[in-house]
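Subject: Structure handover

Hello,

Here is the structure I promised to pass on. Please open it first, then read the notes below.

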Amino acid sequence: MSDLSLIRNFSIIAHIDHGKSTLADRFIQICGGLTEREMASQVLDSMDLERERGITIKAHSVTLYYTAKDGKTYQLNFIDTPGHVDFHYEVSRSLAACEGALLVVDAAQGVEAQSVANCYTAIEQGLEVMPVLNKIDLPQAEPERVQAEIESVIGIDATDAVTCSAKSGMGVEDVLERLIAVIPPPVGEIEAPLQALIIDSWFDNYLGVVSLVRVKQGRIKKGDKVLVKSTGKLHQVDSVGVFNPKHTETGDLKAGEVGFIIAGIKDIHGAPVGDTLTLSNTPDVDMLPGFKKVQPQVYAGLFPVSSDDFEDFRDALSKLTLNDAALQYEPESSDALGFGFRIGFLGMLHMEIIQERLEREYDLDLITTAPTVIFEVVKKDGEKIYVDNPSRLPDPSLIDEMREPIVRANILVPQDHLGSVITLCIEKRGVQHDLVFLGTQVQVIYDLPMNEVVLDFFDRLKSVSRGYASLDYAFDRFQAANLVRLDVLINSEKVDALALIVHRDNAAFKGRQLVEKMKELIPRQMFDVAIQSAVGGQVVARSTVKALRKNVIAKCYGGDASRKKKLLEKQKAGKKRMKQVGNVEIPQEAFLAVLKVE
Ligand SMILES: Nc1nc2c(ncn2[C@@H]2O[C@H](COP(=O)(O)OP(=O)(O)OP(=O)(O)O)[C@@H](O)[C@H]2O)c(=O)[nH]1
């Protein structure tokens, strides 16, 4: 489209489950992008896992044509974004392609932490934010209260907020009409040299690397030779187009538009997210400001149950990184678990997803060790190192200072549950930074050790507030803390893969809880299994898994062969995710016992 005044680029931002994807589907339906049948399943959440879990992980873009009440047909490029805090970085990327954002707020639930966080990201990037109150079909919807909340909590004008039900379709056309009126069209010279921002790149088995781009100025056509600014490499453009939401070739993309290009690039590192594309004959075009590099927040070791699978595991990881630039890994060897990889994740949800994809799509049986954050360690010789694996912590005699990562957490909670949320924050070694009463909700800002937050804080927060509190957090700084390594010994052998870094004050308590939990999780074997936890060689807790007295098969008296076989099969399946450490079989759950410790 060459008339920029007929283009609108926007994102939909919201807290998880407030209805972004449903609203997006409704737009597609109104604009005729798909038939009823194709609409049967939510089209935007396309990855299998996304559909099963009902969450959006990657950003998606869709180009639609909408004939408005003014009789003009507008090109609407919208980008759906993930709502979960782990994937916050995808949100800021999507927003870089837009002039405006719809802030979708559940009219029954009200403003929640990610509504605020994502909205601030949009405002910082200079976007026009348009509030939309969704789910007004629900009897408990309170649009006036939520409108007031948007104004008091987020601080944007919501007097004219459009109300709709993405589920029934009611009010959705009003949302489209309003966005055309309030979101500004893009600006950009079509005749200027090409400058396009890579919003996302992914690997497609048939097409190779596909990049989602926003053309800032100029135009890009099939057959053009493009230059990737950071790599300096030239590539011939094989295909250009948009998603509507099906992949549709248009032959070109012009200033102001958002769409895909495919240019025979073999691997996503050849089309880095945040990079600038231009044409081969205008190599001097300025680079656009890119994106902040994503830093993993949680690290864990992953090891194949069978060491024969190591090469397959390596291949699987290299394939997964083709689509997930946030995934970082390096080889690791453990005395207990053999060869594996230490992987950095954006958070626990990201970790679960990667683990599930490796097992499902690549048919691997893996053992995951307890997740940990990264610590800053200043050694006596002045060297500063970063430790993402507790078993690699230098000897205490070599350490001058240990520093733990601190996050600034923003929690929104109804007043009734404020007390229990504060108790939880204190228990997690939090320091209150601010507390503001905003109508019925309270905004509480705490500085908390990241180690305490990434593991189970979110679940605990939900349970102490009956699901009403919401959380957003970001890394703030490293801060000195009295930290020690908690070792776990199985039959007197230290198991490196079970080591943890904990605060000294909690070490004995955590050590006791961990030992108790592991006792429940390690199955009885033919001999006694002693479990101990220790700090600096001193045992803080111990427990024993008593030996089995009888063979399980002895229970199947007589000749019931099929029953015996079944039992053996059941045992075999149960064993799948066990690892032999010394002569003791340890199941996956025991490696993650720390997640069950409060
Ligand atoms: N009653 C009612 N339910 C709705 C409405 N819009 C969405 N829902 C439901 O709310 C739930 C969450 O909707 P989604 O569209 O998946 O939410 P989302 O914000 O995209 O969530 P993520 O993609 O995980 O960030 C689903 O069960 C929807 O059916 C609405 O207008 N009314």
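Phe375 stands opposite Val387 in β22. This pair belongs to β21 (residues 375-379) and β22 (residues 384-387), two antiparallel strands joined by four bridges. Strands count as paired if DSSP finds at least two bridges between them. Helices (H or I, at least four residues) and strands (E, at least two) are DSSP runs, numbered from the N terminus. The β21-β22 hairpin has four residues between its strands, and Gly382 takes a positive phi near 90° there.

Two points on the source. This is a predicted model, so local features need pLDDT of at least 70 and side-chain atom pairs count only at pLDDT 80 or more, while totals for chains, interfaces and linings use all residues. Residues are numbered from 1 along each chain as its sequence is written.

Now the overall picture. The chain has 14 helices and 33 strands. It has 598 residues, and 46% of them count as buried. Buried means 20 or more other C-beta atoms within 10 Å of the residue's own; exposed means 12 or fewer; partly exposed is in between, with C-beta atoms placed from the backbone. Contacts need C-beta atoms, placed from the backbone, within 7 Å. Among contacts with a separation of 6 or more, 70% join residues 24 or more positions apart.

The chain is divided into domain 1 (4-182), domain 2 (195-279), domain 3 (298-369), domain 4 (396-481) and domain 5 (485-596). These bounds come from an automatic or database domain assignment. The centres of domain 2 and domain 3, taken over C-alpha atoms, are 30 Å apart.

Next, the core. A nonpolar core is a set of buried Ala, Val, Leu, Ile, Met, Phe, Trp, Tyr and Cys residues joined through C-beta atoms within 7 Å. The largest one has 157 residues, and Ala101, Leu103, Val132 and Ile411 have the most contacts inside it. Strand β23 (residues 399-414) gives the largest share of this core, seven residues. Ile411 touches Ala113, Val421, Val444, Tyr446, Ala469 and Leu471, leaving out residues up to four places away in sequence.

Which residues of helix α7 (residues 172-182) are buried? They are Val172, Val175, Leu176 and Leu179. These four lie on the same side of α7, because they cover an arc of only 100° around the axis. The arc is that of the directions from the helix axis to the C-beta atoms.

On to the record. An unreviewed UniProt entry lists Asp17, His18, Gly19, Lys20, Ser21, Thr22, Asn134, Lys135, Ile136 and Asp137 under "binding site". UniProt positions follow the numbering used here, feature names are shortened, and annotations may be inferred rather than shown by experiment. Asp17 sits in the loop between β1 (7-14) and α1 (20-30). Asp17 has 17 other C-beta atoms within 10 Å, so it is partly exposed. Thr22 is in helix α1. Thr22 is partly exposed too, with 18 C-beta neighbours inside 10 Å. Beyond its neighbours within four places in sequence, Thr22 is in contact with Ala166 and Lys167.

Last, two backbone angles. Most residues other than glycine have a negative phi. Asn491 is not a glycine, yet has a positive phi of about 45°. Asn491 lies in the loop between β27 (483-490) and β28 (493-494). Ser492, also in the loop between β27 and β28, has a positive phi of about 70°. Is each buried or exposed? Asn491 is partly exposed, with 16 other C-beta atoms within 10 Å. Ser492 has 8 C-beta neighbours inside 10 Å, so it counts as exposed.

Best wishes

Notes. Contact = placed C-beta atoms within 7 Å.
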